[in-house]
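Welcome! Here is a short tour, with a few stops along the way.

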Amino acid sequence: MMHSNAANRLDRLPISRMHKITLIAVSFAYFFEFADINSFATTVPKLVKLWGVTINQIAYVTSLSFVGMFFGSLVASWLADRWGRKKALAITTVWFSVFSFAAVFSWDIVSLGIFRVLTSAGLAAMTVVAVIYVNEIFPAAVRGKYQAYAIVIGICGTPATNLLASWVVPLSDWSWRLVYLWGAMGIVFLLFSRHLKESPRWYESKGQFDKADALLSQVEAQVAAEKGALPEPAPAPTAAAATTSKPKASYKLLLQKKYLGPTILLTVLWVTQTIGFFGYSSWAPTLLAQEGFSVSDSIFYVALTTVGAPLGSYLASLVTDRFERKWCLVVFGTTIAVCGLFYGLTFNPVLIVVFGFLVNLFERGYTALVYAYSPEVFDTAGRSLGTGVSYGLGRLSNAAGPLIIAGLYTGSGYQSVFFFIAGTWLFGAVVLAIFGPKTRPKPLAHTVAKDAVAPSPAP
């Protein structure tokens, strides 16, 4: 067999039980990613009293966690190409769950910091693989919507963890450990993983056409039994194209012209998203308190604004497959910049909540959109590496982001921070508008021929 025609055969499938199981499984993994990512922040106030943790130590753990995310993203892209999307998703989810569990037994800030860095590596790794997996399993016409649905469900992990922490952390001197035990529950994902299918596109990218065809035939039979007769797929690429050698998964691949441009573009998007998102979410309560609001009021105002987060992911699900994703991202990014600037320029509590709500709404919508957009600008050969490297560099940038914001606040004042964050979002939107490729007119099905004829990287 010269080609399995995986993309075209998958893209013409109706949404079935297989897709719904995949959605539930990925949503579950996302839930505990969002649940675990805030664990350290919710337990730090207790550790300051118990262990005498300093502000500098907190900063080191936070910054090093983003370094861990960078390396986790790189490893994830290699795993997903080497061992397959399904297996990589299971490995990375187990990884962050195991080290979150290890954090339960931390004995000082150093041991906890090490466990948190390793946990963060797993969290970023799982995200990279999940984004790729959803992109390759769901039909091109609806993959953005279902990526957003997964985030709508997953993001509920953040308020769930905050509520749990507010209840258990004050109970005793050891109860803070239960927050990390909660994060370790992601390991239950293994119960879902055995029901998932490997990506036929991955088999095809490795030249394993017989395995891809066998898996596709099995899926088609299951879907046809559930939904009825299936339409014919679009024709497969020519035999000559299908037999051309596949590029080996190597980071050198990204230096080729066809991959370098998209990788740089996505790195800009993920850097601006990371600095912009964590700039608002991490600093808003502190800066409000520094400007005269009580600590309780500042935390309460910020909590009210986070109601917009799941609504933003749902908003993305409504527009992501209806309009060109590039322009949706440009509009969302520009809106975040404007609303965020007003958020920083006002000291009226009502306006703080309104503009903060809009920032959260469009930020989470932006995240859902870029999760769908990122893997689409690559063919199968470069998708895992390109997505992993750009996402990892974005997370790595936030090792420096807090230092920049702190320096701006100290040197130029409160409002300069929000001018910087707004400028970051606007820069990303402008770069995307000028250089970003459109993906909606060319769904993944149309890139199969390109996958097949991609040149081998230099040895």
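## Two packed helices

Helix α17 (residues 325-345) packs against helix α18 (residues 349-376) at an angle of about 155 degrees, and their axes are 8 Å apart. Axes here are lines fitted to C-alpha atoms over the stretch in contact, with angles from 0 to 180 degrees between N-to-C directions. Helices are DSSP runs (H or I, at least four residues), numbered from the N terminus. Since angles over 145 degrees count as roughly antiparallel, α17 and α18 are therefore roughly antiparallel to each other. By class, their contact has 17 nonpolar, five polar and four charged residues. Nonpolar covers Ala, Val, Leu, Ile, Met, Phe, Trp, Tyr, Cys and Pro; charged covers Asp, Glu, Lys and Arg; the others, Gly among them, are polar.

## About the model

This is a predicted model, in which local features need pLDDT of at least 70 and side-chain atom pairs count only at pLDDT 80 or more, while totals for chains, interfaces and linings use all residues. Residues are numbered from 1 along each chain as its sequence is written, and side-chain values use heavy atoms, leaving out hydrogens and water.

## Salt bridges across the chain

The structure holds 12 salt bridges, each a side-chain nitrogen of Lys or Arg within 4 Å of a carboxyl oxygen of Asp or Glu. One of them joins Asp-213 and Arg-9 at 2.8 Å, N to O. Asp-213 sits in helix α12 (residues 209-227) and Arg-9 in helix α1 (residues 6-11), 204 residues apart. Arg-9 counts as buried because its relative accessibility is 11%; buried means under 20% relative accessible area, exposed over 50%, and partly exposed in between (1.4 Å probe, protein chains only).

Glu-220 forms a salt bridge with Arg-12, with the closest N and O atoms 2.7 Å apart. Both Glu-220 and Arg-12 are buried. Which residues do shared partners join into one network of salt bridges? They are Arg-9, Arg-12, Asp-213 and Glu-220.

## Aromatic rings

There are 22 aromatic pairs in the structure. Rings of Phe, Tyr and Trp (its six-membered ring) pair if their centres lie within 6.5 Å; planes under 30 degrees apart are stacked, over 60 edge-to-face, and the rest tilted. Phe-101 and Phe-105 form an edge-to-face pair, 5.3 Å centre to centre with 75 degrees between the planes. Phe-101 is partly exposed at 40% relative accessibility, and Phe-105 is exposed at 52%.

Elsewhere, ring pairs link Phe-28, Phe-31, Phe-32, Trp-182 and Phe-192 into a cluster.

Notes
Angles under 35 degrees count as roughly parallel, over 145 as roughly antiparallel, 65 to 115 as roughly perpendicular and the rest as oblique.
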